[in-house]
Amino acid sequence: MKIMVAIKRVVDYAVKIRVKPDRTGVETQNVKMSMNPFCEIAIEEALRIKEAGLASEVVAVTMGPAQCVDTLRTGLAMGADRGIHVEATAPLYPLSVAKLLKALVEVEKPGLLLLGKQAIDDDCNQTGQMVAGLLNWPQGTFASKVVIDKEKQAVTVDREVDGGLETLCLDLPAVITTDLRLNQPRYATLPNIMKAKSKPIKKFTPQELNVDVKPDLEVVQVTEPPKRKAGIILSSVDELIDKLKNEAHVI
Amino acid sequence: MIRRTVFTVLKRSILPSSSSPLLPLFSSACRFASTLVLAEHDGGSINAASVSAIAAAGSLSKDNSISVLLAGSGPSLQEAAEHAASCHPSISQVLVADSDKFSYPLAEPWAQLVQLVQQNNGYSHVIAASGSFGKNILPRAAALLDVSPVTDVVAISESRQFVRPIYAGNALCTVRYTGGDPCMLTIRSTSFPVTSKSVESASIKSPISQVDLSTFGGDSIGKSRYVKQTSQEAERPDLANARVVVTGGRGLKSAENFKMIEKLAEKLGAAVGATRAAVDAGFVPNDLQVGQTGKIVAPELYMAFGVSGAIQHLAGIRDSKVIVAVNKDADAPIFKVADYGLVGDLFEIIPELLEKLPESK
């Protein structure tokens, strides 16, 4: 079985983002970019499945501008076997990404498609569900545990839901999106970073995959959230109780 | 053609600076909004977040005909339908899909159900609350209908223009949906509060009708099977809807110490929350996690003990009315958003609070 993992290049999670003064978006020039943390978890899970002898190959896929190749190399340095880059300069929304992924699935025919549950830039939490719908594959979203049964061609997924954990059994091929607690991603070692430079990366354009990426969403503006009024530091518990009772009226 | 020219000329003479003669047409189109609300139900009633989704549907346009879709099987579904029919005054009808296929909230049959109901009735909008239920199903249904959904809407500025947080709530993005029907969204329930007044006035019962499932296909049905649910039994109020939330972080140091937070919550009639650090350290189960990847809360009072205030955590609490922070590190980022801060040892402060706080009503 082949596993395909979708990864996204995003502003590093530790960066304090700034909204552009013209309100067209968030400043991404000269800002540290990294692989989306949920995508790292997806790659890690694919590698663990392969290391357990349940998969033959891990293919990392990314979409976006030329710089996304750096993110792909990170995935290859972690241990993915090869990469696919769909080069697109216009902004891609989850619907377009899902259609591109579907087209790639039809080329590569993986038995499992892994994605992060959401990207930390647009916070959409849609792509995995959408590609599963387009492929007509079952989906296991927000996964915190994945167990593959090779004989039955099925996968058992523990999902993090509002009330606790839910366990589902899905027939393969399936789409799984990863939650934070699924695993602890490994670091790429220096020798592996060097090796990753010679691993193959195949390039596609949306046209070659026959996918129309014209968006049906339009960003009107991006603004700073309203600032909270500066608070005060109190000196004692008595003062706190007094303020909560008589000033804020919340207790 | 002539009429349109006259119309345009007239309009220009009235509003010479108007650059958008299409605007009146647009607004007349959205006067006929019809919305499908995908509701989640449990134990014979629809949940509070779904009622918020109904409230959000009501703010899309003045004359919006709102249908609530419930699926499931057996008597608890019928009970939930009765509850849905009278839970909010703006509901026009309740649609019920009763089949074993919907016994569990599996995305595959539910997304196909939404697709079927949409194709039969042609709604202009489809809404669900942004819980794990809505986030699992709605994007899949959107893909089947070939439209882009909008996640986690916190404000509706026009019938197809919404505000949503991005970058863990560090920016607000206004997006316009320009595609065909339906416009699909999930709403953040804390941004669309349901007033008790509107619930009480809902004395009229809306009609309940069954969804015709004779044409319900099912190519992807059966590919996923429900195994079990491990739920965290909690006697305290639900975290997402509590009036007061008391949260502990890594500063609590152990699961044993976390019991102090629970005691304090009991005294305040509050829900208990936790940071990712506290969950990862095993102090509490992960469904208590508050933040970007956990639950978003907006209580009247949010009290954080031993919480540093990482941006991912702040994203989940920034709409709280009053934030109280107790931390021994005076430079902790949480103090930048807290209304009231106490710098000190929480192992001294919590017992003192327990002693001095009045009993909750």
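**Chains A and B: the interface and some parts**

Chain B and chain A bury about 7,000 Å² between them, and 53% of that is on carbon and sulfur atoms. Buried area here is the accessible area (1.4 Å probe) that two parts lose on being put together, summed over both. On the chain B side, Tyr167(B), Lys223(B) and Tyr340(B) lose the most area to chain A, together 11% of what that side buries.

Before I go on, this is a predicted model, where local features need pLDDT of at least 70 and side-chain atom pairs count only at pLDDT 80 or more, while totals for chains, interfaces and linings use all residues. Residues are numbered from 1 along each chain as its sequence is written, chains are lettered from A in the order in which they are written, and side-chain values use heavy atoms, without hydrogens and water.

Back to the interface. In terms of contacts (heavy atoms within 4.5 Å), 87 residues of chain B touch 77 residues of chain A. The rule also finds 6 salt bridges across this interface; a salt bridge is a side-chain nitrogen of Lys or Arg within 4 Å of a carboxyl oxygen of Asp or Glu. Glu218(A) and Arg176(B) form a salt bridge, at 2.8 Å from N to O.

Now chain A. Of its 251 residues, 57% are buried, meaning under 20% relative accessible area with a 1.4 Å probe, protein chains only. Its C-alpha trace spans about 65 × 45 × 40 Å along the principal axes.

Last, helix α3 of chain B, residues 48–58. How many of its 11 residues are buried? The count is 9, including Val51(B) and Ile54(B).

Methods. Buried means under 20% relative accessible area, exposed over 50%, partly exposed in between (1.4 Å probe, protein chains only). Helices (H or I, at least four residues) and strands (E, at least two) are DSSP runs, numbered from the N terminus.
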